[in-house]
Amino acid sequence: MENKTSPVESVDRALVLLMAMRDRGPLSVKAAAELLRVAPSTAHRLLNSLAYRGFAAQGHDRTYRQGPEFSGRSARPLSTQEIRQTAQVALHQLHSAAGETVQLMVMHGGHIQFVDGVESNRTLRVGMLVGNLMPAFASAGGKAMLARMTNTQLEALYRSGLPHWPTSRITTPALLKRHMTKVRRDGFGASIEETEQGVMGLGVSINDPHGLPVAALTIATPSVRFDRSAVGANVEALQRAAATVTEQLYR
């Protein structure tokens with residue numbers, strides 16, 4: 001069993017990690033553990049603590065880099081209206097590429113709110129849900145945003161437990177954290193009839209320059225028309241659209 005460290009030693013280790021991220025760039029948990037000569041669990045705990053306070057940010061590749069507090073370049077706050085306006089072109093391009101209903105959402109605590117979209121013109125289609133709230137872990141876009149957070153941040157977000165959602169497959173914090181590992185690995189969120197029966201969703205996160213989520217884009221398809229072979233192309237379209245919005249928001 002690893003010996004407990006004093007608060008001063010913990011602070012020193014955290015400072016070593018901060019300087020390493022400044023001088024070397026992104027750090028994996030393994031690299032941090034080797035640098036500090038500690039167990040990976042200890043390094044992971046320190047990195048999560050830095051991320052929780054904004055001094056580190058976890059990227060899509062699971063490595064940790066300088067966060068907004070450490071860098072002194074905190075991304076400016078964005079209004080929902082600004083995000084909506086900026087995403088207009090990307091939403092229509094995504095709609096043209098996918099041929100299905102596409103939607104834009106933002107986070108409100110542990111929930112997402114649909115704020116804009118373009119509805120499919122097919123007879124059988126998923127209707128837009130502008131204004132609606134639902135738990136983030138039920139939505140493909142919500143999952144993509146949650147995956148940008150650390151487990152420590154997820155625990156803080158749902159400290160009172162996960163709210164009930166009738167069609168959700170994620171019912172406990174443990175299941176949520178396990179599922180987030182998959183979403184981080186895949187690079188997108190998927191909702192398999194979890195927002196409602198008969199609806200399949202794919203989603204990606206729109207992130208600020210530090211990799212923190214500010215919104216998400218989704219493609220919603222009736223389950224009877226969902227084509228698994230088209231997932232790769234749709235995810236690429238989502239990622240292009242998200243990159244376009246990010247570039248326009250922070251240029």
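A: Happy to. In what follows, two strands count as paired if DSSP finds at least two bridges between them. Please keep in mind that this is a predicted model.

With that rule in hand, β7 and strand β8 (residues 213-222) are an antiparallel pair with 9 bridges. To find a place on this pair, look at valine 199, whose bridge partner in β8 is proline 222. Helix α9 (residues 231-250) packs on the sheet here and touches both β7 and β8. The direction of α9 makes about 30° with that of β7.

The other neighbour of β7 is β6. Strand β7 (residues 199-207) and β6 run antiparallel, joined by 4 bridges.

Let's step back to the whole sheet. These strands belong to an open sheet of 6 strands, ordered β5-β4-β3-β8-β7-β6 and paired antiparallel. At its edges are β5 (133-135) and β6, each of which pairs on one side only. If you ignore direction, neighbouring strands of the sheet are turned by 30° against each other on average.

Strands β3 and β4 are antiparallel and share 7 bridges, with valine 106 opposite glutamine 113 in β4. They too form a hairpin, here with 2 residues between the strands, and glycine 109 in the turn has a positive phi of about 65°. Strand β4 is largely enclosed by the rest of the structure, because 6 of its 8 residues are buried. From β4 the pairing goes on to β5 through 3 bridges, again with the strands antiparallel. One of the contacts to look for is isoleucine 112, whose bridge partner in β5 is methionine 134. Helix α5 (residues 80-98) lies across β3 (101-108), β4 (111-118) and β8, and runs at about 150° to β3.

What about charged side chains around these strands? Side chains of opposite charge can pair when their charged atoms come close. The count of salt bridges comes to 10. One of them joins glutamate 100 and arginine 122, with the closest N and O atoms 3.6 Å apart. Glutamate 100 is in the loop between α5 and β3, and arginine 122 is in the loop between β4 and β5, so this pair ties together parts that are 22 residues apart in sequence. Their surroundings can be set side by side. Glutamate 100 counts as buried because its relative accessibility is 5%, under the 20% cut-off, while arginine 122, at 35%, counts as partly exposed.

Lysine 143 counts as buried at 0% relative accessibility, and glutamate 194 is buried with a relative accessible area of 3%.

A further example lies between two helices. Lysine 177 and glutamate 155 form a salt bridge, 2.7 Å from N to O. Lysine 177 is in helix α8 (residues 173-186) and glutamate 155 in helix α7 (residues 151-157), so their link spans 22 residues. Here lysine 177 is partly exposed at 22% relative accessibility, and glutamate 155 is partly exposed too, with 42%. Salt bridges that share partners also join Glu100, Arg122 and Arg225 into one network, so the pair that ties the α5-β3 loop to the β4-β5 loop has a further partner in Arg225.

Methods
Residues are numbered from 1 along each chain as its sequence is written. This is a predicted model: local features need pLDDT of at least 70, side-chain atom pairs count only at pLDDT 80 or more; totals for chains, interfaces and linings use all residues. Side-chain values use heavy atoms; hydrogens and water are left out. Axes are lines fitted to C-alpha atoms, for helices over the stretch in contact, and angles run from 0 to 180 degrees between N-to-C directions. Contact means heavy atoms within 4.5 Å. A salt bridge is a side-chain nitrogen of Lys or Arg within 4 Å of a carboxyl oxygen of Asp or Glu. Buried means under 20% relative accessible area, exposed over 50%, partly exposed in between (1.4 Å probe, protein chains only).
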